[in-house]
Amino acid sequence: MAFYYSRRKLKPREEEEGGELNIVPYLDILMNLIIFMLLSITGLTAFGALNVSAPTYGGASASGGQADPDAPKLMLQVLISEKGLYVRGNGKEAAAPEGDAPTLPVLAGGTYDYAALNERLVKIKAEFPQETKVIVAADPNVPYEALIHTMDALRETAGPTERKLLFPDVTLSTL
């Protein structure tokens, strides 16, 4: 009885001799993931952008006109806390109330009264028509949406017929 061995079975394979790992498919996957991540990150940055300007110092106001050096400065501040909205400044409408009570307390549903804030700011703007700056500060526990809605109420009137800029130069601060 004769046994025949195939040359194919006895000959060792060439791929097993080298022992090298083919990493080209892994690099292809890695490059595709990097490109996908870069494209998705650039698309998301537009959603998180806040239109906030740095404060300007000097004699001219941001509206382009000349500021009166003898005019009283408002120094308007809006503080957002869990208790409500605090509006502080030098004007009679922005004068701080007695005690630690917020100017506009939180409503019964736990939301802030942005319409009342906007009405108060319209009165303050009537008292200080040349003023464009406001400083906004928020507690760390305040939701991000509250900050955005407050900034919207600060910037323009909510009237149905005419939209007018109130305090467009918003500066963010910390408490």
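I started with the secondary structure and counted five helices and five strands in the protein. Helices here are DSSP runs of H or I with at least four residues, strands are runs of E with at least two, and both are numbered from the N terminus. This is a predicted model, so I kept its limits in mind: local features need pLDDT of at least 70, side-chain atom pairs count only at pLDDT 80 or more, and totals for chains, interfaces and linings use all residues. Residues are numbered from 1 along each chain as its sequence is written, and side-chain values use heavy atoms, with hydrogens and water left out.

**Entry: overall layout**

I read the order along the sequence as α-α-α-β-β-β-α-β-α-β. Next I checked contacts, meaning heavy atoms within 4.5 Å. Of the contacts with a separation of 6 or more, 62% join residues 24 or more positions apart. I then looked up the accessible surface, which is about 13000 Å². Carbon and sulfur atoms hold 59% of that surface. The areas come from the Shrake-Rupley method with a 1.4 Å probe; for residues, only the protein chains shown count as cover. Of the 175 residues, 25% count as buried. Buried means under 20% relative accessible area, exposed means over 50%, and partly exposed lies in between (1.4 Å probe, protein chains only).

**Entry: the core**

I looked for the largest nonpolar core and found 24 residues in it. Such a core is a set of buried Ala, Val, Leu, Ile, Met, Phe, Trp, Tyr and Cys residues joined through side-chain atoms within 4.5 Å. L76, I80, L117, L121, I124, V134 and F167 have the most contacts inside this core. Two or more residues each come from β1 (77-80), β2 (84-88), α4, β4 (133-138) and α5. Helix α5 gives the largest share, five residues.

**Entry: α4 against α5**

How do α4 and α5 cross? The axes of α4 (residues 114-127) and α5 (residues 144-155) come within 9 Å and cross at roughly 35 degrees. Axes are lines fitted to C-alpha atoms, for helices over the stretch in contact, and angles run from 0 to 180 degrees between N-to-C directions. I noted the residues that meet: Y114, L117, N118 and L121 from α4, and E145, A146, H149, T150, A153 and L154 from α5.

Is T150 buried or exposed? T150 is buried, at 0% relative accessible area. This residue lies in helix α5. Leaving out residues up to four places away in sequence, T150 touches V78, I80, L85, Y114 and L117.

I then turned to R120, in helix α4. R120 is partly exposed, at 25% relative accessible area. R120 and L154 are 34 residues apart in sequence, yet 9.9 Å apart C-alpha to C-alpha.

Last, I checked E156, in the loop between α5 and β5 (169-173). E156 counts as partly exposed, at 31% relative accessibility. From E156 to N118 I read 38 residues in sequence and 8.1 Å in space, C-alpha to C-alpha.
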